[in-house]
Amino acid sequence: MGRKSKQKVALLGRKRAREDDEQANTSKRPKVSGKKHTASSSSSSSSSSSSSSRASHPGEDRLNRRMSAQQLLSDVAPQYEKMKNLRNNIDKDQRQALVSRILQSLKGSLMLIVEKNEGSRLLQHCIKHGSSDQQQVIFKELDETAALEKKGLRRAERLTGGTETLGIVATWANQYAHHITIKFMQYGTKEMHKTLLARMFGRVCWMAKQKYSCRVLNWAYTHIASKTEQQHLVQEFYGPEFCLTRSDPAPTIEDIVDSFPEEQRAFRREALRKEVKRVFKRTMHKRLLHFAINHRVLKDLFFLSTPKQRASLAEKVLPNVQQLLSTKDGRLSACTTISYLTAKGRKQAILDCRAEFNTILAGPSSLYIAMLLSVTDDTRLLIKHILKPWIQGADAFFMNRHSLLPILAVLAPGSKRYFASDEVEAFEPASYTVGDDEIVTTKKPLQVRQAELIDYLSKPLLQLLSKNMSKVISDPHRSNVLQEVLLSEQVSGKDGLYEAITDLLVRDAESLKAGEEASADKENADEEEMDAADENDEDEDDDEEEEEEEEEQGRGHDSDSDEEEEGEEEGEEGQEDGGDIDDEEENDQVLSRHAKTQKKVIKDLFAAPPSLKESKAKRKNVYLCNVGSRVIQRAIINSSDAAFSTELVERLGKLLCTLAMKDRAAYFVAALLKNDESRPKALKVLKKQKKKIAAQDAVGSRAILKHME
């Protein structure tokens, strides 16, 4: 019999004993007849009624509070409905005015309605649409008021471990009231955030064991806490001693273990593990594994455990392992879980993925699928439930960069180009000892598993790459798949892929050459237009000078001979005016020297849209795209198939000289010179244009000349 059932039996026994005592007392009372009996009975009844009125039953108090809360909510219902229905059609000031009326009606009674569904929603709207001062009024009243509901008080006492004035802490364990704290963290000020975090420190382990308070804790951990504060919250899982002091920066679990003396490290590490496991076991029992803070705790628990303990923990986590995929810590913990599972456990994990396969592949949780492909021995099961659905939805999956991660895990397992160092460590198959026996979770060699998966995947993957070559080669994520396929020796039948790449390279080289010729013709036409414009400007300047001379002559003939002094003054003024004209002419000469440059700048400014179109076209060209050019260069240099590079040189022919003149495209030509198979034919074409290549004086051209020597 459990502890709770024993307590119920004991309470039932006490209740029956109390009823028996009451029955015995009533049987012993003397019987009185006549009027005296009636008087005594009436007096006793009046005294009992007066005593009951003086001390009411707790149930009646609860009923009275509920009735008063319902009355308060009915009083503010019109303002609440107006704010809720018109919140998108009224401005901010009107919403705040409605909030002010509601708070004025509910002043001093917020704790009565906070645990009701309607009351919680009302306060959430007030926090969301109210001003910072109105939010502060709500926060202050809730934080300075003790819990009124007896049940809520008991829950809050369990959270705090004492009987202090709880305030807003008492709302964290309620089904409806805890949403108010979340709204404060979402819309409140930084001072409120600091106050809420201060209330949480010292109560983390208690909050983590309760459904609603754990939601509040997780929101604070993921949204308002800094990295140091996050570590302080997690440290409370390590034991009571870590609740007393909080250092900045906060040490991680690795730092704490390393700080232990060597002779005490194993013992104290085991003590830490037991303390973390004690709290985490309760969170798993309450089905709270989907919260981010519990993902971090599970990661630390795996670190503190021995390999044998990790295998036991992995079996317990397996039924809820998909709840770990929403955070990075959770995904690493899920990968560790898969690493320590047996073949039966991994089969169950693969079968559980079928219902949410598309959802898992669409985000960072695709790392979990990549882990299954990396350590599972049963390749038939992997092909049936993972690779086959991927191929069936390849058109959609190939456009998502996260969905490509499982394919890269097959082509390049454990490559640090695509996986972080901690992810690579999690990909390693686990092994541990039980007694004298060593248990290895993955028995089939990596090369064998990889060959079996690639054998199924190669044909549809090559068709997909050849079909979408122009999109693949310029995309930074899809081009990784192309690169690994080109470099892999286990992928066979690449002739169609080579042909698609060669056609694309020849087409882009021809467009590059055509663009050069078009740009040269355009420059010549621009120069001719500028020369014609300069000639027109010179003719206009000559006409203006002739008109000014004629005006000066007219002024001289109009002057009167009788007014000599006035004539002399006019002559002086004319000389001064003539000096100003000379300055203007000098300025015009200076401007005419830069007229060509000015017109070119203005023309470039007004020709912005065509230049934007040209830049978009350049991004599609393989030679001018950094991603596509590097992929092809690596494939030419490192590929073991000589036919690809030699056929490429033959198809390009004289276009190699055009590519050698371009700085970015010149690196592609240098890659052909590095390849021993394509080098002789490429040299034969380039030697004829060696002087032109040397005249470019660019980095790519110097690289070509270096390889030509």
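Mentor: Let us begin with Asn294, which is found in helix 17; helices (H or I, at least four residues) and strands (E, at least two) are DSSP runs, numbered from the N terminus. Please keep in mind that this is a predicted model, in which local features need pLDDT of at least 70 and side-chain atom pairs count only at pLDDT 80 or more, while totals for chains, interfaces and linings use all residues. Residues are numbered from 1 along each chain as its sequence is written, and side-chain values use heavy atoms, with hydrogens and water left out.

Trainee: Okay, is Asn294 buried or exposed?

Mentor: Asn294 counts as buried because its relative accessibility is 0%, where buried means under 20% relative accessible area, exposed over 50%, and partly exposed in between (1.4 Å probe, protein chains only).

Trainee: And what is Asn294 in contact with, leaving aside its neighbours within four places in sequence?

Mentor: With those neighbours within four places left aside, Asn294 is in contact with Cys214, Phe280, Thr283 and Leu288, contact being heavy atoms within 4.5 Å. As for Met284, its C-alpha is 9.2 Å from that of Asn294, and the two are 10 residues apart in sequence.

Trainee: New topic: which residues does the cis peptide bond join?

Mentor: The cis peptide bond joins Asp248 and Pro249, with omega about 5°, and Pro249 is found in the loop between helix 14 (227-235) and helix 15 (253-259).

Trainee: How many cavities of 30 Å³ or more are there?

Mentor: A search of the whole structure finds three of them. On a 1 Å grid over the protein atoms alone, a cavity is a set of points where a 1.4 Å probe fits but cannot get out, and lining residues have an atom within 4 Å of a point. The second largest cavity has a volume of about 50 Å³, a volume being the space filled by probe spheres set on the points, which are joined across faces, edges and corners.

Trainee: Which helix gives the most to the lining of that second largest cavity?

Mentor: Helix 27 does, with four residues, while helix 22 (366-375), helix 25 (405-411) and helix 27 (446-467) each supply at least two residues of that lining. Among the lining residues are Leu373, Ser374 and Arg449.

Trainee: Where is Arg449, and is it buried or exposed?

Mentor: Arg449 is found in helix 27, and it counts as buried because its relative accessible area is 4%. Arg449 and Leu373 are 76 residues apart in sequence, yet their C-alpha atoms are 9.0 Å apart in space. Leaving aside neighbours within four places in sequence, the contacts of Arg449 include Leu373, Ser374 and Asp377.

Trainee: Last one: how do strand 1 and strand 2 pair?

Mentor: Strand 1 (residues 431-434) and strand 2 (residues 437-440) pair in the antiparallel sense over four bridges, and two strands pair if DSSP finds at least two bridges between them. Ser431 has Val440 in strand 2 as its bridge partner, and Gly435, in the hairpin with two residues between the strands, takes a positive phi near 70°.

Note on methods. 1 Å grid on protein atoms, 1.4 Å probe; cavity = no way out; pocket = protein on both sides within 12 Å on 5 of 7 lines; lining within 4 Å.
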